[in-house]
Amino acid sequence: MIKVSECKSHARQNLLGRYSTVIGAQLISSCLTILVYMLAAAALCFALYYGNVIGHAPYDLKMVIICSLLFTLFLAGGTLLVLFFYYGQTKLFINILRGRKYSVGNIFYGFRHGAGTWTLVLTGLVKYALIYVCTLLTQVWGMLYRFRILFFDNGYIFDAVYIVGNIILFLITVYLACALFLCELIAVDRPEKGVLGSLKLSRSLMKGKKLKAFWFMYLSFLPWSLIGMICPFAMLWITPYIRCSQIVFYMAAEETLWQLPGSVQDEMNRKRAAAAAVTEAGSETGDIEAEAKVIETKTIASESEANDTEPEMSASEPEINTLEPEMNVSVNETDNSETLNEDACYGSEEASDNSTRLPKDDFKEDNEVTVSTDIIDKGENV
């Protein structure tokens, strides 16, 4: 659970730079409320004047009734303005502390959302009625002690019973005040909860935090309240500080402090974002490493398959080498056969030429023989 000092620290940090808006909103609401109460006071003065209570005017019953009605109307109107402006100011502080858009116009939020304002009014009435019942019981107990009713005059025993009864009633009153400490803030922040829902949620959120709330409500801001009593103008700064601290306490009980826009909370948010980024990066690197491992296993498997195919290729290489001489031999044989065929062709051609030439030679020889014989015959004749 957050400490009281941390609640105040968050309130101060989030009000820095925003006091102009907050103080302006308080001045507007205070001036309007004071104006209505001044009208009520004026109506009361006129009623007393025409009632011949003050001054020397003649008694006028009609004016007395009119002024009395105006006084009642302005008094009720001022009270309603206080409630509506309280609702708007609380909404303004909640918007600041939750990092939402805010402006001076937030003080009129209650006029635009009347249902939420009436929820706040009824929740406050129920809360203070319960507390008043306990206070009334304490007064009744005091009256019984004073008039000696239900008590016997036995000296110290009588006083001890009275003191113990007062302590018990005081503890019950403090218990109720602490248990219902957050109901009004819940009625503003979550008007859909209704009156009973706000009271129940406040009681559940304050479990285990009542002593801290007692210190927070009644004791920790006591010096500031004394300063405000001495210098009422200082309440323009003190009131937002107190109420923002209470809202931070409410956010801590509700576990929504991560919505604070203060520098400390921003640092916490940055650390959370950095941690989330680191975890995401770690998961991404883990995925990348897994993919790399898968790729490595695939490459190893492919390499092993390649190594397995290398012996087969080496075994097929001798066959290829043995095939190459055969191919060379066949090529040579084909070349030789081609040359032989060519020679045979050339031989056949020559033979044919010779065969054609032989008759010519024989014819020449026959002619030569005949010529020679003719020459011989002619010589003989000579």
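Reader: How far apart are the closest N and O atoms in the salt bridge of Arg 98 with Glu 254?
Author: This is a predicted model: local features need pLDDT of at least 70, side-chain atom pairs count only at pLDDT 80 or more, and totals for chains, interfaces and linings use all residues. Residues are numbered from 1 along each chain as its sequence is written, and side-chain values use heavy atoms, leaving out hydrogens and water. A salt bridge puts a side-chain nitrogen of Lys or Arg within 4 Å of a carboxyl oxygen of Asp or Glu. For Arg 98 with Glu 254, the closest N and O atoms are apart by 3.0 Å.

Reader: How many residues apart in sequence are the parts that Arg 98 and Glu 254 tie together?
Author: Arg 98 sits in the loop between α3 and α4, Glu 254 in helix α11. Helices are DSSP runs (H or I, at least four residues), numbered from the N terminus. The separation in residues is therefore 156.

Reader: Is Arg 98 buried or exposed?
Author: Buried means under 20% relative accessible area, exposed over 50%, partly exposed in between (1.4 Å probe, protein chains only). Arg 98 has 9%, so it counts as buried.

Reader: Which residue forms a salt bridge with Arg 98 at 2.9 Å?
Author: The partner lies in helix α7 (residues 183-189), so the pair ties together parts 91 residues apart in sequence. The partner is Asp 189.

Reader: Which residues are linked in a network of salt bridges?
Author: The count is three salt bridges. Arg 190 pairs with Glu 254 at 2.3 Å between the closest N and O atoms. Arg 190 is partly exposed, at 26%. The linked residues are Arg 98, Asp 189, Arg 190 and Glu 254.

Reader: At what angle do α2 and α3 pack?
Author: Axes are lines fitted to C-alpha atoms over the stretch in contact, and angles run from 0 to 180 degrees between N-to-C directions. Angles over 145 degrees count as roughly antiparallel, and α2 and α3 are therefore in that class. The contact holds 25 nonpolar residues, nine polar and no charged. With axes 7 Å apart, the angle is about 170 degrees.

Reader: What is the phi of Glu 255?
Author: Most residues other than glycine have a negative phi. Glu 255 is in the loop between α11 (235-254) and α12 (263-381). Glu 255 is exposed, with 67% relative accessible area. Its phi is positive, about 60 degrees.

Note on methods:
Helices (H or I, at least four residues) and strands (E, at least two) are DSSP runs, numbered from the N terminus. Angles under 35 degrees count as roughly parallel, over 145 as roughly antiparallel, 65 to 115 as roughly perpendicular and the rest as oblique. Ala, Val, Leu, Ile, Met, Phe, Trp, Tyr, Cys and Pro count as nonpolar, Asp, Glu, Lys and Arg as charged, and the others, Gly among them, as polar.
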